[in-house]
Amino acid sequence: MAHLNRDKKTKELKETDGLKSRAKNQLWRIYKCNDKRKPFRISRSKFSNYVDCDRCFYLDQVLGLKQIDSIPFKLNDAVDELCKKEFEYHRKKQTPHPIMKEYEINAVPFKHVNIEKWQDAKSRGLEYVDRDLNLRLTGGIDDVWENKDTKKLIVVDYKAQSKTKEKKIKDYLKDPYHEGYKRQLDFYRYLFEKNGFKVQTTGYFLVYNATLERDSFDNELEFTFDLIPYETDSSYIEKEIKKMKKLMDSDQIPPLNKFCQECNYIIAGGKLIKDKK
């Protein structure tokens with residue numbers, strides 16, 4: 001499908017030149033080398049983009065190429081929001097959620113004055129400012145629990161999917177499309193550690209699966225859930241962030257990533273137009 005550019009408020013069609021806005025109040029979106037006025041914001045998703053394709057990351061963050069707007073996944077968002085409400089109930093009462101009891105995890109949802117801020121992925125999130133690199137690293141978490149025995153934090157991310165019963169969880173963490181999920185928890189652990197918290201190495205994916213084993217829809221979805229443990233690793237994050245910052249300060253565009261669809265779409269489109277002319 002074609003992605004047409006629209007005004008974010010009115011939803012009316014809006015002309016685009018394919019670049020980020022150069023308006024004075026929007027220049028913070030484009031990185032400028034040696035600009036020391038305030039730390040440049042890098043979200044967890046932007047860091048993940050760098051790991052996947054440094055060329056696309058450079059075009060986006062340094063040169064200001066506008067990424068194609070993604071279509072919101074409203075059903076997934078609904079699962080996330082309802083989960084947060086459910087766990088917030090137990091956070092206020094400091095009682096274990098039934099899922100914790102079922103999986104014999106001695107924990108409660110972590111109660112902290114900044115939990116609402118940490119869960120706001122769009123504009124706030126959990127953050128750490130690296131003064132040496134002049135970067136503000138951020139990530140919007142889904143949830144964090146507290147181990148009642150060790151007092152360490154447990155990073156948790158909600159996921160929604162719809163697969164057959166046989167495939168819903170089998171080899172979940174071996175799925176190449178879920179590599180970004182694991183990097184996500186690694187990054188959150190890194191941010192918590194940089195904020196002075198002690199974090200349990202085992203994090204969890206709370207996966208809600210809309211069952212397909214039904215004869216009819218009947219205007220409702222039935223979900224099953226599974227709690228999948230993942231041994232987080234934050235040791236590589238800082239090294240990658242330093243490499244990312246070095247790239248951002250460079251005037252050299254990274255070479256073409258032969259596996260990246262976006263990179264090769266741009267190159268192929270330009271070539272076809274040139275050849276046609």
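## A loop residue and its surface patch

L65 is found in the loop between α2 (54–61) and α3 (74–93), where helices (H or I, at least four residues) and strands (E, at least two) are DSSP runs numbered from the N terminus. L65 counts as partly exposed because its relative accessibility is 32%; buried means under 20% relative accessible area, exposed over 50%, and partly exposed in between, with a 1.4 Å probe and protein chains only. Together with L19, Y265 and I266, L65 makes a nonpolar surface patch of about 400 Å². Such patches are made of residues with over 30% relative accessible area and no salt bridge, like charges being joined within 9 Å and nonpolar side chains (Val, Leu, Ile, Met, Phe, Trp, Tyr) within 5 Å.

This is a predicted model, in which local features need pLDDT of at least 70 and side-chain atom pairs count only at pLDDT 80 or more, while totals for chains, interfaces and linings use all residues. Residues are numbered from 1 along each chain as its sequence is written, and side-chain values use heavy atoms, with hydrogens and water left out.

## The chain as a whole

The protein has eight helices and eight strands, and its C-alpha atoms fill a box of roughly 65 × 50 × 40 Å along the principal axes. Of the 277 residues, 39% are buried. Among contacts (heavy atoms within 4.5 Å) with a separation of 6 or more, 67% are between residues 24 or more positions apart.

## Salt bridges

The structure holds 15 salt bridges, each defined as a side-chain nitrogen of Lys or Arg within 4 Å of a carboxyl oxygen of Asp or Glu. One of them joins R91 and D143, whose closest N and O atoms are 2.9 Å apart. This pair links distant parts of the chain, since R91 is in helix α3 and D143 is in strand β5 (residues 143–147), 52 residues apart. Both R91 and D143 are buried, and E88 is linked with these two residues in a network of salt bridges.

Another salt bridge joins R189 and E193, with the closest N and O atoms 2.8 Å apart; both residues lie in helix α6 (residues 179–194), four residues apart, about one turn of the helix. R189 counts as buried because its relative accessibility is 12%, whereas E193, with a relative accessible area of 31%, is partly exposed.

Key:
Accessible areas come from the Shrake-Rupley method with a 1.4 Å probe; for residues, only the protein chains shown count as cover.
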